[in-house]
Structures are given as structure tokens and as C-alpha cells.
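Please read it alongside the sequence and the coordinates.

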Amino acid sequence: MENIQGKHFSITDPQGVNTVIYRINKTEKEFLKDSPKYTVERLLFSEELRGDLKKKTFFVDEPKSSEELLILSFGEDKVVVNMGILEDDRVKISKRPIPIKFDTLYSEKEMEYKEFKYTPNLKRPISIIDPETTEEVKPILYFDKDTNEVKGKCKLKPYKSYFAFEIRDKKDDI
């Protein structure tokens, strides 16, 4: 069994709510020219039922001294977006969240959504989530010979809504 070296913290979801948490990674300076400034990484978690509540323990592998977190709580027909910071062994909810751009995607026919580049460590700047299951839509990876880059596209099913987000600097937001 593989050991995870890092930190963990727990949250409790009420009935009808499903929370997922992402670590926000800032791209190293040497890769900034050809990569997005931020990428996202979904945290692994274990789940324990306690009556009508779900206690989730999230794991942060190889944490830095301070980690920025994006907390998405999916409920019936809505998503609550919070920002947090993991410092030492505590999670603090941020009073000034970094900007987040998100869309709900819907189409009446099957479609491919947004071509996006991966960083050298295969992290990506965008995530698309099925709000019913809170599972990520796994992108189809391919190598673009013209640009010499690994890219991905997500296939979306017809008549279904999706939640998509990307982390950007406020000055980059249009």
C-alpha cells in the first residue's frame, strides 16, 4: 500500500450536501511561459457515515507551509464556493478569496469542451465536475505534434449540466 506523506483535516457534510476540495498550485517560474499560472489538484478523501451526516477526511500530500484550497459544496441545484488556507494543522476560511470563474455547461447534443494544455507534471488549469455525482469529467489526453504539447478535451453528455471552473488572477479575468 502506498503511504501518503502529508497532512489531513476533516469536515462534516449535512444531508444533501457533497463537498470536494481542490489544492491550488501556482506554476513554477521556469514553466510560466508555456503553462497556465495556476493549476488545480483534487484532494483525496475518506468518508465515514455518522447518522445523516458524512464526515470526510481530506489528505494533502507533500504540503507546503501554506496551501490555498478551493472548497466546493454541491447541494440541490446550487454550488457554494469557499476559499481556504491550510496552515500548520488548521484550515482557515479566507475572508478575501482569490477570483474564481465558473460556468454551468449544458448542451442538447454530445460535445467536446475546451481544449486546454497540461503542465509538464500533467496538472491542468481547468476542472469540469458532474454536479450530481461530484466526480470530475476525465479529459481525453492527446499529444499535439504541431505545438509539441500534451493537451486534453472533455466529452460532455447531452441534456446534462456540468460545473466548470478555472483559477485566474483578478487582472486576467475578462
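E62 is exposed, with a relative accessible area of 61%, where exposed means over 50%, buried under 20% and partly exposed in between (1.4 Å probe, protein chains only). The model is predicted: local features need pLDDT of at least 70, side-chain atom pairs count only at pLDDT 80 or more, and totals for chains, interfaces and linings use all residues. Residues are numbered from 1 along each chain as its sequence is written, and side-chain values use heavy atoms, with hydrogens and water left out.

**Overall composition**

- The secondary structure consists of zero helices and 15 strands; helices (H or I, at least four residues) and strands (E, at least two) are DSSP runs, numbered from the N terminus.
- The chain has 174 residues, of which 37% count as buried.
- Among the contacts in the chain with a separation of 6 or more, 63% come from residues 24 or more positions apart; a contact requires heavy atoms within 4.5 Å.

**The β1-β5-β4 sheet**

- Three strands form an open sheet in the order β1-β5-β4, with antiparallel pairing; two strands pair if DSSP finds at least two bridges between them.
- β1 (6–13) and β4 are the edge strands, each pairing on one side only.
- From one strand to the next, the twist averages 20 degrees, based on axes that are lines fitted to C-alpha atoms (for helices over the stretch in contact), with angles from 0 to 180 degrees between N-to-C directions.
- Antiparallel strands β4 and β5 are joined by seven bridges, and F45 has F58 in β5 as its bridge partner.
- In general, strands of a sheet pair through backbone hydrogen bonds, either parallel or antiparallel.

**K56, a buried lysine in β5**

- K56 is located in strand β5 and is buried, with a relative accessible area of 0%.
- The side chains of K56 and D13 are joined by a polar contact of 3.3 Å, a term for a pair of N or O atoms within 3.5 Å; within protein, one must be able to donate a hydrogen and the other to accept it, and residues adjacent in sequence count only if both atoms are side-chain atoms.
- The K56 side chain also reaches the backbone oxygen of T19 at 2.8 Å.
- Beyond its neighbours within four places in sequence, K56 contacts residues including F9, N18, F45 and E47.

**Loop residues and positive phi values**

- D52 lies in the loop between β4 (44–50) and β5 (53–61) and is exposed, at a relative accessible area of 57%.
- Leaving aside neighbours within four places in sequence, D52 is in contact with P14 and Q15, while the C-alpha atoms of D52 and G16, 36 residues apart along the chain, are separated by 9.2 Å.
- E62 sits in the loop between β5 and β6 (66–75), and its phi is near 45 degrees, a positive value in a residue other than glycine.
- Y159, in the loop between β14 (149–156) and β15 (160–167), has a positive phi of about 60 degrees although it is not a glycine.
- Y159 counts as exposed because its relative accessibility is 58%.

**The β7–β8 hairpin**

- Strands β7 (residues 78–87) and β8 (residues 90–93) run antiparallel and are joined by four bridges, with V91 in β8 as the bridge partner of L86.
- This hairpin has two residues between the strands, and D88 takes a positive phi near 55 degrees.
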